[in-house]
Each structure stands twice: as C-alpha cells, then as structure tokens.
Amino acid sequence: MEVFIDTANTEQIKKYYELGIVDGVTTNPSLIAKEDKPFKKIIEEIVSIVDGPISVEATEEKAEGIIKQGEEYSKINKNIVIKVAINEEGLKAIKELSKKGIKTNCTLIFSANQALLAAKAGASYVSIFVGRLDDAGNNGMNVIRETMEIFKMYKIESKLISASIRNPIHVIESAKAGADVATIPFNVLDKMIKHPLTDKGIQKFLDDWKKVK
Ligand code: E4P
C-alpha cells in the first residue's frame with residue numbers, strides 16, 4: 001500500500017518524506033487555509049520536496065471552471081493530480097480532464113456507488129473518507145472493503161485512497177482491505193512510528209552497551 005501524507009504543511013511533508021515512508025501528498029482547501037502562505041507558493045514548495053503524486057483540489061463549482069483550474073494546476077508539475085469533488089459537474093470535469101491526460105483524484109466519496117461512478121468517469125484515484133463516515137455513525141471501513149471488492153472484481157484501474165484517516169487502526173484495516181493508498185495526517189504517522197516498548201528497548205540496549213568491555 002502506498003502512503004501519502006495528508007497535509008499542506010511543507011515542514012511536515014519534508015520531515016516524513018526524508019524518512020522514506022511517503023509516496024505522495026494530498027491537500028485540500030481546508031489544509032491549505034491552515035498555512036500562512038499563498039496557495040501557489042505552497043504547491044511549488046511541495047513539488048520541490050516530493051517526487052510523487054500531489055493532489056491539489058479544484059475549487060470551481062461548474063465543470064468548465066474545474067477543467068480550467070485543472071489545466072492550469074497541472075502545468076505546475078507533472079506530478080500534480082487534480083482533486084475534484086463528486087457530483088454531476090465533478091464527474092463531467094473528470095471525464096474531460098482524463099481525456100486530456102490530466103490525472104484526477106475524485107474526492108468527498110462516501111459510498112461504493114460514488115466510487116464506482118468516479119471510476120467510470122475516468123478518475124485516476126477515488127478518495128473515500130473513512131473518518132468522516134465513522135464520525136457520522138457509519139462504518140467507513142465497510143465502504144473501503146465494498147469498493148475494493150467491486151474494483152477487484154471488474155479490474156477497475158482507478159486507485160482507491162483511504163482518506164480522512166483518524167488513527168493507526170484505520171491504516172491497518174485499509175491495508176488489510178487492499179486499499180491502494182492511505183493518505184495519513186502527520187499525527188497518525190507519528191503514532192505509527194512510535195511504540196513505548198521500542199523506546200524502552202532502545203534505552204536498555206544503550207545502557208547495557210555502556211557496560212560492554
Ligand atoms: C483527503 O484527501 C482529505 O484531504 C482528507 O483525508 C480529509 O480528512 P478530514 O476528514 O480529516 O478532513
């Protein structure tokens with residue numbers, strides 16, 4: 001399973017990319033808004049750090065506007081993937097962008113049906129929001145499993161991104177379900193790296209090493 005980092009914070013991206021554990025980046029308007037920098041500068045910085053897919057969200061509502069933004073952003077770098085929210089305008093835009101050879105990540109997906117239609121329209125990635133489904137009292141992981149089952153059965157080429165990850169269990173369950181990608185916030189990556197027994201073990205080995213003659 002590929003690991004993307006779900007942030008627009010370039011310090012976080014740099015830190016985890018340097019560890020060799022990050023294959024790509026996903027951003028969204030809310031993540032961009034948290035950073036005190038102009039949008040284009042953030043994207044240019046991310047592109048200079050990461051050599052892998054970088055999702056940048058289109059913010060226009062009509063297909064024509066989404067396509068225009070998609071064309072503009074995709075010129076920044078070959079790794080840019082245009083994030084498009086699923087609705088009728090979004091599907092239309094995904095179809096056109098895919099015809100132009102521009103990669104898309106269909107976002108804000110909450111059901112296997114939406115994922116199936118995004119794939120039909122030509123989305124390179126479909127992002128299912130596990131955490132938000134759980135928050136709303138649904139079982140997000142069931143949607144990942146159901147979608148993977150359908151994608152495997154029909155050999156659908158769109159890659160499934162398990163998104164809106166809230167904890168390390170979401171990551172393990174996504175991997176077990178066969179998700180192509182998990183896009184993970186830095187605090188969850190941090191929890192995945194650390195274990196109290198590892199810290200305790202390292203300290204013990206260091207202490208014992210001092211006693212070696
Ligand atoms: C996905 O690409 C989104 O950026 C993200 O995973 C949304 O997560 P949230 O529900 O924590 O906002």
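Let's start with the second largest pocket: its lining divides into five nonpolar, four polar and four charged residues. Here Ala, Val, Leu, Ile, Met, Phe, Trp, Tyr, Cys and Pro count as nonpolar, Asp, Glu, Lys and Arg as charged, and the others, Gly among them, as polar. This is a predicted model: local features need pLDDT of at least 70, side-chain atom pairs count only at pLDDT 80 or more, and totals for chains, interfaces and linings use all residues. Residues are numbered from 1 along each chain as its sequence is written, and side-chain values use heavy atoms, with hydrogens and water left out.

A pocket is an open set of points on a 1 Å grid over the protein atoms alone, where a 1.4 Å probe fits, with protein on both sides within 12 Å along at least five of seven lines; lining residues have an atom within 4 Å of a point.

The second largest pocket has 13 lining residues. Pro 53, Asn 79, Val 81, Lys 103 and Tyr 125 lie nearest its centre.

Now the largest pocket. It has 23 lining residues, and Asp 6, Asn 28, Leu 31, Lys 34 and Pro 185 lie nearest its centre. By class, that lining has six nonpolar, eleven polar and six charged residues.

Next, helix H9, residues 168-177. Helices are DSSP runs (H or I, at least four residues), numbered from the N terminus. Its buried residues (under 20% relative accessible area, 1.4 Å probe, protein chains only) are His 170, Val 171, Ser 174 and Ala 177. Why are they on the same side of H9? Because they cover an arc of only 130 degrees around the axis, taken from the directions from the helix axis to the C-beta atoms.

Definitions and conventions:
Buried < 20%, exposed > 50% of the residue type's maximum accessible area, 1.4 Å probe, protein only. Helix = DSSP H or I, 4+ residues; strand = E, 2+ residues; numbered from the N terminus.
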